[in-house]
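Please look over the model below.

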Amino acid sequence: MRQGLGVLGVAIRAEKPIFAAAVLSSALYGLMTVAAAWALGWATDHVVLPAFENGRITTGALAFGALLILGVSLLKALGVAGRRYFAGVMQYRMQARSRRDVTRQYLRLPLAWHHRHPTGQLLSNAGSDVEAAWAPLAPLPMAVGVVVMLVTAAVAMVITDPILALVGFLVFPAIAVLNLVYQRRLNPLATRAQQLRAEVSEIAHESFDGALVVKTLGREDEETARFLAKAHELRDANIAVGRVRGLFDPVLEALPTLGVLAVLLIGVMRLESGAIGSGVLVQVAYLFTLLAFPIRALGWVLAELPRAVVGYGRIRAVLDATGSMEHGAVELTGADPARLEVRDLGYAYGGGDGDGDDDFPVLHDVSLEVAPGRTVALVGPTGSGKSTLAQTFVRLVDPARGTVLLDGTDLREVTRGGVSDAVALVPQQTFLFDDTVRGNVTLGLPVGDEDVWAALRLAQAEGFVSALPSGLDTKVGERGTSLSGGQRQRIALARALVRRPRLLVLDDATSSVDPQVEARILYGLRDAAQASTVVVIAYRMATIALADEVVYLEHGRVVDRGGHAELLARCAGYRNLVTAYERQEAEREALDAEQEEEVSA
């Protein structure tokens, strides 16, 4: 209960004017509801009973009674309209604010944090958890407002007849006990249901994201079964929640009704003894029937509090996350190609330094230096740590040991956003948004079409973009499905180039591009008016040969470095790796020749 009230307090502090308007409207409704009881009592004593006793009624009394009831009803309707409107505004404003906060936090948190949290869970945090956290806001103003009605009605009953009021008030301790049992039973069930929502979302996201794999390998039935099993768990968890709520709601409804019956029983006895009149009994009975509604309204809030606490807790876990990535106050100035230095760098997946049981060490004591304006190729077998090393260059992840420096400045000392202003990474997995070519290149950067075309020209994409139906305004489809793999890579390269980076990191970013086009891209980067220091992760010998220097990695360590010809001559591992393709082609040609000779013979 304390945690739930704390969650509601967050919303109240954030939306004070709207909450005040909702509560005032609800209070007006509550006061007019109590006033309706007084109006009925007055009408009973001055209109209904005289009509039975005298057989007639005055026009003035009838008109006053009708206007009294009508006026109370209109004010009550105004309170209902205001309460519902402002409550809805408050709820949806808090949901929108939380979703914006969560999304901004996702963008701020480092890639290492995202590696530890499944995408489905992140979607659930911004979706169902936000809805659960602020679900009590819809009935909250009503509950607060009807407290006014509850207090007013209680005072009115005490003033009218203390004995009947005491009989009715016996129901409140029972409600308190009921709510305590309900909260304790529902909270763990609601926690489990929210977690399962995240897991179902995670499986659905994986299936959609891997639709090509599922379809091509015929795994539809297996994916359906995997989703079905988790969906059934969620169904059972929701049923368990609904079962508890289904038991709580009717009992909560029944308690005020039992109180009304007790009031009527004692009231009739007091009426027969002459202790009270008929109007008093009608008024007290009606007042107590009104208590059922505020109790029900409070029950709606109480019923949503466990889910709200769970949802808000999951949201706060995201908003309070730091990701262990701090920023400094140093600004990276200048427009010339940057100098990159790496000193004794170590990195392990799992968040540790590589010595823990759950850590997966990838890089060990890596040191290298790239002079301004130079092109360096990072070469190594699969799993040697090339992509992870590239991520440290742009500070997507921080090394567990060692430093990465740009122009002598540790990247951890640079201001937030300073690294992305000076460094650009084109990853091996190209992602395009469902937007135009222009939108995918600029991503909101305020640059003109001339700069966009210049970047496309440098990325060797000008030709095919010009041939598109609407040029820069052509929609590329979700993930760029209307383009080939090589075209998507060149659009992604232009996206980096339009920002004029001082350091450009290409993580196998031209693997789907024709070798001749790739050579033109690299030559163009070297000869561009706004040159960059370039680090390229490559496998093709033709690409590697274009670099000024080659750094060869094995098992997360720098094994050798130097010119392409030098490494071919002295490094067996490098030679075997870069000549593997040529050897395979030679072996295939020899095998074809042998088969032809056998056929001829």
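How many nonpolar, polar and charged residues does the lining of the largest pocket have?

1. The model is predicted. In it, the lining of the largest pocket has 22 nonpolar, 15 polar and 10 charged residues. The space in this pocket comes to about 2500 Å³.

2. A total of 47 residues line the largest pocket, and those nearest its centre are Leu-111, Leu-396, Leu-425, Pro-427 and Phe-431. Several elements give two or more residues to this lining, among them the helices α3 (59–108), α9 (171–209) and α18 (485–497) and the strand β6 (423–426). Others on that list are α4 (111–115), α5 (119–126), α13 (386–393) and α14 (418–422).

3. Two cavities of 30 Å³ or more are counted.

4. Strand β1 (residues 340–349) is largely enclosed by the rest of the structure, because seven of its 10 residues are buried. The cut-off for buried is under 20% relative accessible area.

5. Which strands pair with β1? One is β2 (residues 360–370), joined to β1 by seven bridges in an antiparallel arrangement; here Ala-348 stands opposite Pro-361. Another is β4 (residues 401–406), also antiparallel to β1, with five bridges. Within that pairing, Glu-341 has Leu-405 of β4 as its bridge partner.

6. The count of aromatic pairs is four. One of them is formed by Trp-134 and Tyr-312, edge-to-face, with 5.7 Å from centre to centre and 65 degrees between the planes. This pair links distant parts of the chain: Trp-134 belongs to helix α6 (residues 128–134) and Tyr-312 to helix α12 (residues 278–319), 178 residues apart. Are these two residues buried or exposed? Trp-134 and Tyr-312 are both buried.

7. Phe-431 and Phe-433 form another edge-to-face pair, at 5.0 Å centre to centre and 80 degrees between the planes. Phe-431 has 36% relative accessibility and therefore counts as partly exposed. Phe-433, at 40% relative accessibility, also counts as partly exposed.

Definitions and conventions
Residues numbered from 1 in each chain as written. Predicted model: local features only at pLDDT ≥ 70, side-chain atom pairs only at ≥ 80, totals over all residues. Heavy atoms only, no water. 1 Å grid on protein atoms, 1.4 Å probe; cavity = no way out; pocket = protein on both sides within 12 Å on 5 of 7 lines; lining within 4 Å. Points joined across faces, edges and corners; volume = space filled by probe spheres on them. Helix = DSSP H or I, 4+ residues; strand = E, 2+ residues; numbered from the N terminus. Nonpolar A, V, L, I, M, F, W, Y, C, P; charged D, E, K, R; others polar. Buried < 20%, exposed > 50% of the residue type's maximum accessible area, 1.4 Å probe, protein only. Pairing = 2+ DSSP bridges. Phe/Tyr/Trp six-rings, centres within 6.5 Å; stacked < 30°, edge-to-face > 60°.
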